[in-house]
Amino acid sequence: MEKECIFCKIIRGEVSSEKILEDEDFIVIKDINPKADVHLLIIPKEHITSLREFNSEKADMLGKMLLVSKELAKKFDQAKDGYKIAINVGKGGGQIIDHFHIHFLAGNLTGLP
Ligand code: 5GP
Ligand code: ZN
């Protein structure tokens, strides 16, 4: 539900967040509970529940969000040697927030799959 969705609230500016980047289609914020030295979330402005709701019409947007990781890697020294991208899909996939997002993780990744 868009109205109660925490990420929609962040996008609308009703809930504060540490914003790293923004463009017309997505925002990048710091994760509130980081699991690595750098833990960012790439979030589409449109409320799309999960990867399962993407289709070929939205493939460009998905590609754009994945490619922004290259820009993020330049911004953060911890990502110089590499970084991890993760997408949790559905409850069984570990997705807690039902608004699609891509995790960008860098630095101290031990313990992460
Ligand atoms: P998921 O398990 O759904 O893939 O990941 C959701 C992520 O969102 C978690 O890593 C969690 O720490 C983060 N998160 C949850 N609520 C907030 C919030 O209000 N602000 C920010 N910045 N991150 C959040
Ligand atoms: Zn939402």
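Let me begin with asparagine 108, whose place is in the segment after strand 5, where strands (E, at least two residues) and helices (H or I, at least four) are DSSP runs numbered from the N terminus. This is a predicted model, in which local features need pLDDT of at least 70 and side-chain atom pairs count only at pLDDT 80 or more, while totals for chains, interfaces and linings use all residues. Residues are numbered from 1 along each chain as its sequence is written, and side-chain values use heavy atoms, with hydrogens and water left out.

Asparagine 108 has a phi near 60 degrees, a positive value in a residue other than glycine. Most residues other than glycine have a negative phi. Asparagine 108 also counts as exposed, at 55% relative accessibility, given that exposed means over 50% relative accessible area, buried under 20%, and partly exposed in between, with a 1.4 Å probe and protein chains only.

Let me turn to leucine 66, which lies in helix 2, residues 59–75, and which is partly exposed, with a relative accessible area of 37%.

Finally, the largest pocket, where a pocket is, on a 1 Å grid over the protein atoms alone, an open set of points where a 1.4 Å probe fits, with protein on both sides within 12 Å along at least five of seven lines, and lining residues have an atom within 4 Å of a point. The largest pocket is lined by 27 residues, and Asp31, Lys35, His39, Leu41 and His103 lie nearest its centre. Helix 1 gives the most to this lining, with 3 residues.

Technical notes. Chains lettered and ligands numbered in written order.
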